[in-house]
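User: I would like to learn how to read a few features of a protein model. Can we go through them one at a time?

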Amino acid sequence: MQTTVDFSMLNRQLEALLDTRDWLTNSAQTGAFIAQQLSDLNWVGFYLQRQSDVLSLGPFQGHPACHPIPFSKGVCGAAARQQTTQRIDDVHAVEDHIACDANSRSELVVPIVVNGHLWGVLDLDSPLHGRFTQQDQAGIEALVATFIQQTDLPNFTAEAN
């Protein structure tokens, strides 16, 4: 059985860890911090919206990952397209799931939205079925809010135009 995670404490620790405003440093630190602090994860990372309707691989912890991911496919694509968190107990039940790691069974994807613009998503994968609870979702969403607050996030798609 999973132990209860003190997300309030993790949020304070992440806030202290993010001592720069740099998006690259902070996204690398955030991913590494979550991978270290939460159990039963096999992948944690960021996908960035660097062009219209496509996510590009950003800093991550885990095995090499899929790149690029169109908004029209997979759990990350759904989170980006709908700009809502996706908590999936069984990724194999998702018709258009993108299987980067055959060991992944469940997934939590939180969109990173700043001023109404999608910057990217934070993706967590687990080899356990049903790994992510409502408490995990709320806790990770709070960590993403801290990441956003502590970071200068460039608008990649505006820069590309």
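User: Which residue in strand 3 does Val 54 stand opposite?

Analyst: Bear in mind that this is a predicted model. Strands of a sheet pair through backbone hydrogen bonds, either parallel or antiparallel. Here Val 54 stands opposite Pro 70 of strand 3. Strand 2 (residues 54-62) pairs with strand 3 through two bridges, in the antiparallel sense.

User: What is the order of the strands in the sheet?

Analyst: The order is 3-2-1-6-5-4, an open sheet of six strands with antiparallel pairing. Strand 3 (69-70) and strand 4 (86-88) are the edge strands, as each pairs on one side only.

User: How many Å should helix 2 span?

Analyst: A helix is expected to span 1.5 Å times one less than its number of residues. Helix 2 (residues 23-37) has 15 residues and should therefore span 21 Å; its end C-alpha atoms are 21 Å apart, which agrees.

User: Which residues of helix 2 are buried?

Analyst: Trp 23, Asn 26, Ser 27, Thr 30, Gly 31, Phe 33 and Ile 34 are buried. They cover an arc of only 165 degrees around the axis, so they lie on the same side of helix 2.

User: What caps the N-terminal end of helix 2?

Analyst: Asp 22 does, with a side-chain oxygen 3.3 Å from the backbone nitrogen of Leu 24.

User: Which residues touch the most other members of the largest nonpolar core?

Analyst: That core has 26 residues, and those touching the most other members include Ile 34, Leu 122 and Ile 140. Helix 4 gives the most to this core, namely four residues. A second, separate core of 14 residues includes Trp 43 and Leu 118.

How values were computed:
Residues are numbered from 1 along each chain as its sequence is written. This is a predicted model: local features need pLDDT of at least 70, side-chain atom pairs count only at pLDDT 80 or more; totals for chains, interfaces and linings use all residues. Side-chain values use heavy atoms; hydrogens and water are left out. Buried means under 20% relative accessible area, exposed over 50%, partly exposed in between (1.4 Å probe, protein chains only). The arc is that of the directions from the helix axis to the C-beta atoms. A polar contact is a pair of N or O atoms within 3.5 Å; within protein, one must be able to donate a hydrogen and the other to accept it, and residues adjacent in sequence count only if both atoms are side-chain atoms. A nonpolar core is a set of buried Ala, Val, Leu, Ile, Met, Phe, Trp, Tyr and Cys residues joined through side-chain atoms within 4.5 Å. Two strands pair if DSSP finds at least two bridges between them.
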